[in-house]
Each structure stands twice: as structure tokens, then as C-alpha cells.
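Visitor: I am new here. Could you take me through this one and tell me how each description is reached?

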Amino acid sequence: MNYDYQIAVIGGGSGGLTVAAGAASFGASVALIERKSELGGDCLHYGCMPSKALIHAAEEVYQTGQLTGLSDEQYDRLFTQAMEKVSKAVTNVQAHDSKDRFKEMGVDIYQNETEFIDDHTLQVGSRMITAKRIVIAAGSSPVVPPIEGVDEVDYLTNESIFSLRERPESLVVIGGGVIGLELAQAMARLGVNVTMIEAGERIAGKEDKEIASIAQKVISEQTSIITEAKVERVDTFEGRIKVHFSKEGSKGSVEADKLLIAVGRQANTECLSLDKAGIVTKEGAIDVDPYLRTSKKHIYAVGDCNGSMPFTHVAGMEGKVVVSNAVLGLSRKASYEKVPWVVYTAPEIYHLGLTEEEAHERYGDRLLTFKTKLSDNDRFMAEHHTEGLVKILTTSRGKIVGAHAIGPGAGEWMQEVGTIQGLNKKFQSLSNVIHPYPARNNAVSQTADLYWREKLFDSKINQAISWYVQTFR
């Protein structure tokens with residue numbers, strides 16, 4: 001059969017663009033299908049880029065407020081300026097993912113909705129195209145839970161909050177995960193009275209418990225946090241939104257000008273007619289094997305729509321794997337053991353591998369845990385940012401199985417641990433790396449030194465060395 005394209009990519013986000021660019025660079029004929037007017041996906045327009053621009057702008061406002069104090073009128077003006085900066089940042093980054101750039105690579109771009117006709121055929125608007133192999137990179141959308149009355153109020157999600165230009169006096173955030181935490185704290189730093197409602201026992205529920213508890217302590221100084229609370233209904237009261245919840249058998253409510261729903265994401269699969277192609281889904285996401293192939297081996301799925309890890313860098317990694325497999329005919333597996341993520345709150349939270357609880361379950365007595373408090377590090381003491389922790393989890397031989405930290409810039413200086421793990425080096429090898437003093441990553445080398453203290457200095461080997469030194473030296 002003659003196909004229109006060797007590769008058809010559904011979705012112009014990080015994963016889809018990685019596949020399209022990679023496939024085109026190897027000479028494949030590529031169709032890129034994106035239903036929205038611009039490329040870049042959710043990360044560029046509603047996620048990573050606008051949220052980080054907002055966090056940066058909010059940090060500037062917060063520091064100014066700490067130094068001089070700000071009036072309501074000043075907060076109003078600075079809020080508007082911050083949101084305009086966010087919009088400008090998105091526009092600037094958009095140039096990197098411009099349609100012209102991909103057209104110059106030889107990629108044919110289709111701006112339209114699409115659905116499967118069969119496992120090689122796609123209906124793209126009024127046109128039908130065929131492809132030898134297809135990559136689904138359709139992304140995800142905010143989950144809106146079936147809360148009574150939610151459809152009757154004007155709620156926000158991460159897709160709409162960045163369109164705000166006037167500062168709300170108050171905001172209720174439902175959800176204490178990554179999106180909820182980042183946006184709640186940023187809004188609080190812009191002068192908004194924020195209340196966060198989380199169903200779990202703590203915010204940052206996917207993080208190491210000890211790290212999450214520090215985060216909750218710090219963030220609760222800027223926002224009100226209600227945990228173990230179930231939101232039952234929402235309604236309006238005198239022009240404001242009222243959120244009703246239950247907690248430990250008691251009823252409660254919170255009123256605010258705005259409501260942000262940030263309880264998670266769901267795969268964009270409903271409109272693709274996956275059943276016509278025989279593609280199997282699992283819990284709403286596209287089911288894939290370790291090679292990122294769907295139930296149809298010539299169709300792949302990358303990014304949020306396959307339910308793996310909902311991060312832009314993961315979609316990019318998966319995109320590279322699919323280029324190897326779908327374009328070059330290799331058999332590479334996607335591996336997630338060495339994938340870190342960062343929650344860009346203040347302080348930042350770094351997460352790599354297993355939490356301490358998960359590691360104990362898997363390794364038992366073979367697990368070693370090494371910790372350094374930021375209050376024991378000179379740089380953080382100098383900056384008066386001592387509320388934080390470095391925690392590294394290894395096997396008895398030094399294999400890194402988990403790395404966690406909370407502190408200013410942790411996403412940057414902790415990646416040194418991720419690099420060591422990625423190179424399959426042992427944690428103790430970090431002790432041989434000379435760090436400039438007093439760099440923040442000295443906290444990492446301090447923690448690595450603890451390995452030798454436990455394995456050598458507090459062991460029988462050290463007793464033998466002491467005897468040798470005292471006897472012969």
C-alpha cells in the first residue's frame with residue numbers, strides 16, 4: 001500500500017514536536033496534526049512556561065513587599081504587570097516552536113481536529129490522510145471532578161488562570177498537587193488571600209513524607225491549607241463563590257472571589273475514535289508497552305496521553321525513544337527510574353526515584369538513608385534560608401535509588417545527584433568532586449561524605465586503620 005506519509009503525528013506539544021523534528025531530520029515524510037492555532041502544547045501555553053513566568057514575577061513582588069510593604073493599589077498594579085509578563089514570556093518562547101521552523105524541516109502541518117478511520121487512516125478536518133506509522137501525542141486536559149454545582153460557577157483551571165488581568169482579593173484552590181501548589185503560592189505572593197483544600201492527609205502527596213511536611217510548614221505561612229477535606233458542593237453567595245467541604249465528620253465552607261480547580265489531568269483521547277483503530281486504553285489513558293507501542297504495533301503514544309509521567313521532559317524523552325523505534329527500526333525501551341521532577345514552589349522540591357517509604361518496602365535492611373539539613377550548610381546559613389533538607393537513599397553498595405530535597409534552587413543543585421545516577425555511578429563518588437565554596441551544592445557533597453562516615457569511619461575497617469597508624473606511623 002502507498003501511504004501519504006511515513007509518520008503522522010497527532011499533537012504539537014513536546015512529545016509530538018520531538019518526534020516530528022527527529023523523523024524529518026532522518027528523511028521521513030511527516031504530517032504533524034495540531035487542533036490549536038499554535039504549536040507548543042499545554043506546557044508552552046498553560047503549563048511550564050506561564051507558570052514559571054508567573055512564579056518569577058510573584059517572587060519579585062513578594063520580595064518588594066517584604067522590604068517595603070505594599071498597598072492594595074500597588075498589589076493591583078503589580079498583579080496586572082505580572083500577568084502581562086506571563087503573556088509576553090509565552091509569546092517569546094512560541095518562536096522556538098513556530099510553524100515556519102517545522103515547515104522548513106519538511107514537515108506538513110495540519111491545523112484541525114482529527115480522528116481515526118482505521119489503524120492507518122486519519123480524518124483531518126475535511127481531508128483524509130494515511131500513514132505507515134502513527135504517533136499519538138494528544139496531551140491532557142484538566143480534570144474537573146463531579147462536584148455538585150461546579151458547572152454553575154465560573155471556575156478557573158491552569159488553562160484559564162493566566163488570562164486574569166485584575167487581582168482577585170481571594171482564591172480557593174481545590175487540590176494540593178504540583179499545579180495547585182505552584183499557582184496557590186504564586187497568587188498568594190501577588191497579594192491574593194489563598195485557601196488550599198486537599199483531600200489527602202498532606203499537600204504534595206507524591207513527595208517523600210518528610211519533604212512534604214517541610215513544604216506544608218513553609219507554604220502554610222503564606223496560604224491557608226485545609227487537608228483531609230472532601231469538597232461536596234460549590235455555589236455562589238452574593239457574587240462570590242462558596243466552597244462547601246467535610247472534614248473529620250464536620251462541615252465547613254470557604255468563600256472567595258475565584259475558584260481554581262487543580263486536582264489532576266486526564267488524557268485527551270475521547271475525540272480520537274481510538275476504537276476504530278483497535279487501540280486499547282487503560283483508565284482513560286492509551287495503554288503502551290515498554291517500547292511505547294499501543295495494541296497496534298505501528299501506532300505509538302507519547303506524553304500525557306499514555307498515562308506515564310505527566311511532565312514535559314518525559315514527553316520529550318519518550319519522543320526520542322519513538323524516533324529510534326518508529327523511524328530507525330530499533331527496539332529501545334522507555335525507562336522512568338532516572339527521571340527527576342521539580343515542584344517550583346519557594347522553596348523548590350526535587351524528586352528522583354523512590355521515596356523513603358517506597359524504598360524501605362523494596363530494599364528493607366539494605367537501604368541506607370543520608371540526610372543533611374540546610375541549617376548545617378554555610379551558604380544557606382548566610383542567605384538565611386535554613387528551612388530545608390537533602391535526603392539521599394542508596395543501597396548498601398551506594399546505588400542511588402532515591403534523591404529528594406527542599407530548598408532554594410533545589411531543582412538546579414540537586415541535579416548533580418541525577419547526573420551521577422544517570423551515569424550509573426555510586427553515590428559515594430560525589431565525595432571526590434571538588435565543589436567551589438560556598439556553593440549551594442556543597443549540601444550534596446556534605447551528604448555524600450556521610451556515606452564514608454557510615455561505611456568506613458564507623459566500621460571495623462577504621463579500627464584496623466587506627467591500629468596501623470598508632471603502631472607504625
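**Asking how we know**

Guide: Welcome! In this predicted model, the chain has 15 helices and 23 strands.

Visitor: What makes the chain as compact as a globular protein of its length?

Guide: The globule rule gives 23 Å for 473 residues, and the radius of gyration of the chain is 25 Å, close to that value, so the chain counts as compact in that sense. Along its principal axes, the C-alpha trace spans about 85 × 60 × 45 Å.

Visitor: How much of the chain counts as buried?

Guide: Of the 473 residues, 49% do. As for the surface, the chain exposes about 22800 Å², with 48% supplied by carbon and sulfur atoms.

Visitor: Why is Glu 356 called buried?

Guide: Buried means under 20% relative accessible area. Glu 356 has 15%, so the word applies to Glu 356. You will find this residue in helix 10, which covers residues 356-363.

Visitor: How do you know that the side chains of Glu 356 and Lys 391 are joined by a polar contact?

Guide: A polar contact needs a pair of N or O atoms within 3.5 Å, one able to donate a hydrogen and the other to accept it. The contact between these two side chains is 2.6 Å, so it falls within that limit.

Visitor: Which residues does Glu 356 touch, not counting those up to four places away in sequence?

Guide: They are Asp 208, Glu 210, Leu 367, Thr 369, Lys 371, Lys 391 and Leu 393. Touching here means heavy atoms within 4.5 Å.

Conventions:
Residues numbered from 1 in each chain as written. Predicted model: local features only at pLDDT ≥ 70, side-chain atom pairs only at ≥ 80, totals over all residues. Heavy atoms only, no water. Helix = DSSP H or I, 4+ residues; strand = E, 2+ residues; numbered from the N terminus. Buried < 20%, exposed > 50% of the residue type's maximum accessible area, 1.4 Å probe, protein only. Rg over C-alpha atoms; globule rule 2.2 N^0.38 Å. Areas by Shrake-Rupley, 256 points an atom, 1.4 Å probe, with all protein chains shown as cover.
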